[in-house]
Amino acid sequence: MTETTTAEAVETAWPEGVDLRYLTLVGATVDLYDADESHPAACLGCGDSASETDWHQAKAWAQSHAERCRALPRPTTA
Ligand SMILES: [Zn+2]
């Protein structure tokens, strides 16, 4: 597989520890981490965050937040 797809580009840009990533409608991401006893999630658009002990609840928060959040991600400086 030599072609660089959009999916591959997104995958390689994932920060360390991110286990799931949801894309918001404006291009920000809601990152979900898988820790030992908690599953913190953070929106890189608005900065909102949550931490659930239940993996499914953490996923539900990240999914629903990604569906509603309209905050743009802060531009990265190259
Ligand atoms: Zn947000």
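Histidine 65 sits in helix α2, which covers residues 55–68; helices here are DSSP runs of H or I with at least four residues, strands are runs of E with at least two, and both are numbered from the N terminus. The model is a predicted one, in which local features need pLDDT of at least 70 and side-chain atom pairs count only at pLDDT 80 or more, while totals for chains, interfaces and linings use all residues. Residues are numbered from 1 along each chain as its sequence is written, and side-chain values use heavy atoms, with hydrogens and water left out.

With a relative accessible area of 7%, histidine 65 is buried, a word that stands for under 20% relative accessible area with a 1.4 Å probe and protein chains only. Apart from neighbours within four places in sequence, histidine 65 is in contact with Val30, Cys43, Cys46 and Asp48, where contact means heavy atoms within 4.5 Å.

The zinc ion is coordinated by His65 through NE2 and by Cys43, Cys46 and Cys69 through SG, at 2.0 to 2.3 Å; donors are N, O and S atoms within 2.8 Å of the metal (3.2 Å for Na, K and Ca), and because water is not among the atoms, sites may look incomplete. The angles among the four donor atoms run from 102 to 114°, and the site is tetrahedral, a label given to four donors if all angles lie between 85 and 135 degrees. Along the sequence, the donor residues follow the spacing C-x2-C-x18-H-x3-C.

Cysteine 69, one of these donors, is also buried, with a relative accessible area of 8%.

How values were computed
Buried < 20%, exposed > 50% of the residue type's maximum accessible area, 1.4 Å probe, protein only. Tetrahedral: all angles 85-135°; square planar, octahedral: opposite > 155°, others 65-115°.
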